Amino acid sequence: MAVGDLALLVATIMGVYSLLAIGLNMHWGDTGLLNFAHAAFFAIGAYTSAILTTPPETGLLANRTVGASYPIFVGLLAGATLAAAAGVLIAVTSVRLEGDYLAMVTLSFAELIRLVIHNEGWLTSGAQSLKGIERPLEGSVPIRYDLFYFLLVLGVVAGSYLLFRRLAGSPFGRVLHAVREDEEVPLALGKDTTWFKLKSFGLGAAIAGLAGGLWAHYVYAITPNMFLPSLTFTIWAAVIIGGAGSYLGAIVGTAFIVGIRQVTRFVPSDVPFASDLPYIRLVVIGVLLIAVLYYRPYGLLGDEERMLAGSEEGAD
Amino acid sequence: MTDPILRAEGLRKSFGGLLAVDDATFEVEEGTIAGLIGPNGAGKSTTFNLLSGFYGADAGEVIFEGEHVEGLSPDERAQRGMIRTFQITRELTGMKVMANMLLAAQDHPGETVVGALANTGSVESREEQARERAEDLLKFLELWELREEYAGNLSGGQRKLLELGRALMADPDLLLLDEPMAGVNPDLTDRLLSRIDDLQSEEGMTFVIVEHDMDVIMSVSDKIIGMHNGQVLSVGTPEEVKSDEKMLEAYLGGSV
Amino acid sequence: MAGFDPQFVMAAFDPQFLWNGLVVGSIIAVAALGLTLIFGILNFINIAYGDYMAVGAYFAFAANTQYDLPIVVAALIGMVVMAVGALVVDKLVFERFRSRSAIVLLVVSIGVAFVLRNLIRIVWGTGSRRFSGPIEAAPQFFGIRVLPDQVAIVVISVAILGGTYLLLRRTRIGIAMRAASDDTDLARIRGIDTERLVTYVWLVGGAIAGIAGILLGLDAQIRPNMGFTALIPIFAAVILGGIGDPIGAVAGGYAIGITQELSVVVIPTEYKPAIGLLLLIIGLLSKPEGIFGEATR
């Protein structure tokens with residue numbers, strides 16, 4: 001592959017993962033919710049859109065017996081909607097839990113969802129890959145397809161960025177921020193904080209679901225192993241390194257993390273440790289995450305003044 | 001005296017084996033200031049939490065503006081016009097002073113997702129209206145210059161004022177103030193008291209105030225509710241409660 | 001359809017499941033004991049705990065197969081390495097975050113987990129490994145197939161649990177640990193040096209994590225993510241038993257192991273892992289007062 005093709009591929013992955021980070025930033029950065037089920041929302045979006053747009057398998061070895069041929073935009077929309085519904089459903093049971101316990105419950109739900117995807121082959125192809133997922137407008141765009149898809153993803157990222165930033169800066173976002181700071185205060189001022197948390201969860205999950213759909217229609221084939229908890233953790237690292245609470249930070253953080261992960265594609269295979277590079281870069285991400293939390297808790301683009309306000313360093 | 005705006009009937013709450021509030025019954029008349037006093041551990045803060053819905057009562061009723069509210073959540077009680085402050089200030093440290101104030105605006109159409117995204121004229125005008133009210137209150141509380149400061153950077157006294165301002169922003173019918181003067185400088189205390197007086201006489205707002213400074217609470221209140229060991233020991237005018245021997249004993253006993 | 005898939009056929013009850021459950025439960029119980037000790041005193045969810053288990057297993061594996069040491073000696077090496085390792089990780093990382101919130105520490109532990117798991121992959125590769133040992137026949141008792149490894153797991157876990165019980169009951173440091181687990185501040189008032197306690201907790205908890213990983217590797221295979229994938233039932237045992245309660249965690253561990261293995265009677269085998277997930281969810285959702293109150297933090 002030429003370097004230009006690789007660059008487009010990496011940029012598209014950055015775009016899709018940026019959408020995940022935008023959703024997680026609404027959960028964690030704006031509302032203070034520890035959502036560890038993000039990979040599951042991503043998976044729900046991917047599988048929903050894939051199943052709705054890809055006919056069932058045929059032949060003797062057919063595994064998946066369910067499928068349809070709806071237009072891709074229907075699949076994307078349904079994927080985002082179903083991911084949002086799953087997010088709200090999980091949140092209904094759990095958002096009253098204290099932060100770190102919410103993390104464990106959401107992580108468990110995510111694994112449960114992955115277990116279902118893995119085991120229900122008639123619906124999802126199970127452990128094998130769900131193949132032959134159609135690409136939108138393939139063959140009918142006047143520019144290179146990779147470039148077209150990148151521009152499509154870029155457009156969705158830009159739109160989502162503007163939308164979520166607008167939400168965060170609105171009176172709605174103000175209540176979310178108040179929930180993040182101290183939930184009892186908005187409660188005492190007449191805000192139904194549980195309802196606001198559900199909305200936050202649903203919105204962030206919806207964008208993750210949309211990201212899943214865009215992922216599925218880009219990669220042709222999806223497997224349950226694309227949606228491991230380590231993906232959730234990677235997006236967490238991106239949001240924290242970028243600066244929790246900043247949507248631009250979420251995108252920059254993702255570009256940074258994906259960049260570290262994908263840069264090895266450009267490294268020739270005859271350098272020392274080349275075969276270990278995939279793992280070395282994950283070690284680097286882990287070290288970076290810890291270092292940022294220690295030296296720069298507000299991340300690359302977070303609001304230092306806000307983070308320090310009220311803490312020991314910030315008090316005069 | 002007018003009708004009671006608030007009635008507590010047989011309120012009871014225990015934590016583990018400890019009875020924090022024991023069969024508390026009292027009324028607060030509309031448009032008056034009631035002082036809730038008692039030695040430490042008398043159950044004043046627990047009573048506040050029961051009235052505002054932050055604790056569920058083991059038994060008893062809370063009637064606010066003629067409606068039973070004991071089964072309602074804190075936000076539902078607040079929406080009906082009963083707003084409380086906290087003894088230990090709960091300023092939202094990572095939000096600016098102005099945002100703290102605006103948060104309290106009631107019935108804001110911009111707090112729905114659609115309203116926030118569409119940003120219609122009604123959202124803008126509600127926001128503008130809230131800003132004007134916040135400006136008035138912040139200027140009065142001498143916090144206007146600090147409006148773009150993070151609340152976490154305010155001094156203790158300023159945080160108390162911000163919390164009071166935020167509660168007033170919600171335009172309550174009944175305001176439950178938990179030690180509003182603690183840590184506020186004496187000049188401002190006088191101005192706060194006269195403001196509370198104005199709100200009561202001009203807007204007919206009702207107050208229940210927990211305060212340790214006896215001179216202050218006795219001078220400002222129309223009615224005193226004296227608590228001890230979770231029970232309402234004495235109810236009456238400041239003069240009556242001051243001369244009630246049971247109350248005197250409670251305080252003397254409490255200080256040993 | 002699902003009903004025609006032979007994989008989805010449910011099994012009838014068989015005492016074999018009970019024995020398997022006891023074996024799995026033994027592993028979860030030991031792992032949960034170490035985790036609850038650490039959790040009770042450090043007060044944060046350590047996501048890297050599963051990777052501590054893996055590190056213990058891999059060091060034992062290296063001693064066993066690469067240096068041809070007997071499995072018992074190798075296991076001791078794995079325990080010691082992880083005991084010291086847990087302390088080193090604390091000194092390098094967690095100690096610097098002591099004043100930060102439980103949530104920050106949780107995220108920090110994710111970073112630690114990333115580092116440990118991928119260091120394992122770099123050093124030992126991604127494939128699955130096994131301890132070397134003779135492949136022995138599996139004798140049958142009353143129709144139950146009992147592997148020698150399984151007997152070892154059950155016996156060793158009882159020994160570990162008993163030893164830890166004595167440590168917590170009979171030694172000054174153990175008693176102090178229990179006091180601190182009940183209330184960290186109280187322990188400080190009573191004059192217990194909490195930082196010294198923390199040192200002992202990492203040593204003991206790390207050693208237990210190491211042996212738990214070795215037992216897990218003995219039962220199944222040694223893989224880089226073996227600990228992480230086992231983490232959820234272990235957390236479920238800790239939560240069900242009450243955080244910081246060693247006896248509760250052990251009871252929870254056996255209960256989860258046996259429930260999980262017996263579950264195949266009523267649900268398809270493929271959904272066995274769902275038991276741990278569901279128990280964790282149910283445990284967290286059903287105990288909001290006891291576990292989530294401010295007092296326990």
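Predicted model: local features only at pLDDT ≥ 70, side-chain atom pairs only at ≥ 80, totals over all residues.
Modeller: Residues are numbered from 1 along each chain as its sequence is written, chains are lettered from A in the order in which they are written, and side-chain values use heavy atoms, with hydrogens and water left out.

Colleague: What makes a residue part of the contact between chain A and chain C?

Modeller: Contact means heavy atoms within 4.5 Å. By that rule 41 residues from chain A and 44 residues from chain C take part.

Colleague: How do you know what area is buried between chain A and chain C?

Modeller: Buried area is the accessible area (1.4 Å probe) that two parts lose on being put together, summed over both. For chain A and chain C that comes to about 3900 Å², and carbon and sulfur atoms give 79% of it. Tyr101(A), Met104(A) and Ile290(A) supply 17% of the area that chain A buries against chain C, more than any other three residues.

Colleague: Which element gives the largest share of the side of chain A that touches chain C?

Modeller: That is α4(A), with 14 residues. Helices are DSSP runs (H or I, at least four residues), numbered from the N terminus. By class, this side of chain A has 28 nonpolar, eight polar and five charged residues. Here Ala, Val, Leu, Ile, Met, Phe, Trp, Tyr, Cys and Pro count as nonpolar, Asp, Glu, Lys and Arg as charged, and the others, Gly among them, as polar.

Colleague: How many salt bridges does the rule find across the interface of chain A and chain C?

Modeller: The rule finds zero.

Colleague: Why is the pair Asp182(A) and Arg90(B) called a salt bridge?

Modeller: A salt bridge needs a side-chain nitrogen of Lys or Arg within 4 Å of a carboxyl oxygen of Asp or Glu. The side chains of Asp182(A) and Arg90(B) meet at 2.6 Å, N to O, so the pair qualifies. The count between chain A and chain B is four salt bridges.

Colleague: What else describes the interface of chain A and chain B?

Modeller: Chain A and chain B bury about 2900 Å² between them, with 61% on carbon and sulfur atoms. The contact takes 31 residues from chain A and 34 residues from chain B.

Technical notes
Helix = DSSP H or I, 4+ residues; strand = E, 2+ residues; numbered from the N terminus.
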